[in-house]
Amino acid sequence: MAKTKSVYVCQNCGAESVKWLGRCPSCNEWNTFVEERITKESKSRPGLVEVSRNAIPKPLKEIETSNEKRIDTRIGELNRILGGGIVPGSIVLLGGEPGIGKSTLALQLALGMDHQKVLYVSGEESARQVKIRADRINPTNQDCLILNETLLENILTQIENVQPDLIVIDSIQTLYTDTIESSPGSVSQIRETAATLLRYAKTSGVPVILIGHITKDGSIAGPKVLEHIVDVVLQFEGDQNYLYRILRSSKNRFGSTSEIGIFEMQNSGLVEVTNPSEILLSHRDEQLSGIAVAATIDGARPFLIETQALVSTAVYGTPQRSTTGFDQRRLNMLLAVLERRAGFRLANKDVFLNIAGGLKVSDPAIDLAVIAAILSSTLDVAIPGTTCFAAEVGLSGEIRPVNRLDQRVAEANKLGMTRMFVSRYNTKGLDNGNKNCKIIPIGRIEELIRLLFGRESVD
């Protein structure tokens with residue numbers, strides 16, 4: 001006989017309670033407990049693949065290892081993040097904002113693997129809607145199987161009949177199982193369906209890609225255990241008003257989490273951006289004030305990006321401080337350093353800062369470029385487009401060193417930069433290889449003003 005149990009589950013963190021609570025003691029969120037009925041079967045659930053009960057422990061030295069060949073996704077940027085391709089039997093979770101490109105990337109992956117049998121399970125769109133998107137992407141795998149189903153038991157039955165080489169679930173929040181009496185998307189349903197798909201992937205060797213929704217604060221929707229049980233967690237970043245998308249890995253059991261992939265959203269889907277620096281630098285031939293080029297590193301990938309600043313007289317009594325793609329508190333700190341250490345008066349000035357391309361940059365090496373752009377806008381003097389910056393600025397006005405300067409210099413040389421301002425403490429052991437980019441070491445902000453603008457101060 002099946003036993004029915006009623007519990008209250010926090011929809012934010014998955015904590016359970018035998019009674020309703022106004023505030024979750026685990027995550028401290030209010031009004032997140034929802035009653036869920038869980039049916040427990042006395043026997044093994046039909047259709048689920050379980051680990052063999054005859055398994056016995058073995059010494060580590062007796063376990064055979066083999067270098068399994070990864071599955072090529074035909075998408076270079078995705079292969080880079082995964083560490084060379086999809087590992088057989090792995091389970092990958094792909095998250096991001098609505099409309100950012102999750103389903104598009106997953107469908108491109110399914111339609112691009114022309115030598116693999118792919119099962120694309122769509123719980124959000126009908127088969128006809130998927131077909132419309134597929135025609136826009138221009139698929140090469142015309143034999144990709146589309147299944148419009150949300151019941152887990154039916155999906156497992158079709159998987160057993162089809163025997164696919166890759167499974168894509170769009171999305172995990174739409175699936176449900178009959179063994180739990182709660183609506184799709186609840187914590188219990190997400191936890192149980194993901195665990196079942198995980199057991200299937202590990203026992204069959206078939207990789208599974210799950211598309212997941214995110215909450216209003218940017219985290220993956222559902223219990224935290226969802227991120228723990230999967231092997232790889234990928235998340236899309238970017239502004240929907242811009243074309244560029246960054247795919248970042250926050251967890252990867254088979255590779256590094258320092259790699260990122262950059263895509264451009266077009267009518268035909270997501271297009272790989274193999275050299276983002278050339279695209280992000282758009283005004284190299286025009287002499288415009290308030291623009292400085294920063295040599296940044298995101299993950300393990302160096303690229304050059306424009307920082308744009310506008311300094312104007314404040315219309316109202318309180319000056320405005322506005323940033324796009326940059327931490328506003330960091331901007332306030334740099335403005336205070338400029339005022340205190342370089343005599344830059346900001347009492348009646350509005351300061352606006354923008355990172356070109358809609359990207360968000362947290363690399364401290366962009367500090368020097370931000371200050372150079374602000375000074376350029378204030379003096380209305382353009383910085384040559386072949387000049388770039390890579391250094392952190394301290395509170396006392398000193399220019400601090402940054403990591404992996406060799407990669408930044410190599411990227412600057414590749415794009416034809418002629419000057420690069422860095423910290424004087426960062427040049428030890430630096431080999432520029434007799435390239436065209438001249439390294440200019442500086443120690444304080446005053447040196448930057450003198451060398452870049454020919455002035456002792458901005459007053």
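**Sheet, helices and a buried isoleucine**

Strands S11 (residues 244–252) and S12 (residues 260–266) pair in the antiparallel sense over five bridges, with pairing taken to need at least two DSSP bridges between two strands. Arg-248 stands opposite Ile-260 in S12. The model is a predicted one, with pLDDT of at least 70 needed for local features and 80 or more for side-chain atom pairs, while totals for chains, interfaces and linings use all residues. Numbering runs from 1 along each chain as its sequence is written, and side-chain values use heavy atoms, leaving out hydrogens and water. Strands (E, at least two residues) and helices (H or I, at least four) are DSSP runs, numbered from the N terminus.

S11 and S12 belong to an open sheet of nine strands with mixed pairing, ordered S6-S5-S7-S9-S4-S10-S11-S12-S13. Its edges are S6 (145–147) and S13 (269–272), each pairing on one side only.

Elsewhere, helix H9 (residues 367–379) is mostly covered, with twelve of its 13 residues buried, meaning under 20% relative accessible area with a 1.4 Å probe, protein chains only. Among them are Leu-368, Ile-371 and Leu-375. Just after H9, Asp-380 takes a positive phi of about 55°.

Ile-442 sits in strand S22 (residues 438–442) and is buried, at a relative accessible area of 0%. Beyond neighbours within four places in sequence, its contacts include Leu-368, Ile-399, Phe-421 and Leu-451, where contact means heavy atoms within 4.5 Å. Leu-368 is itself one of the buried residues of H9. Ser-423 lies 19 residues from Ile-442 in sequence, yet the C-alpha atoms are 5.3 Å apart in space.

Note on methods:
Buried means under 20% relative accessible area, exposed over 50%, partly exposed in between (1.4 Å probe, protein chains only).
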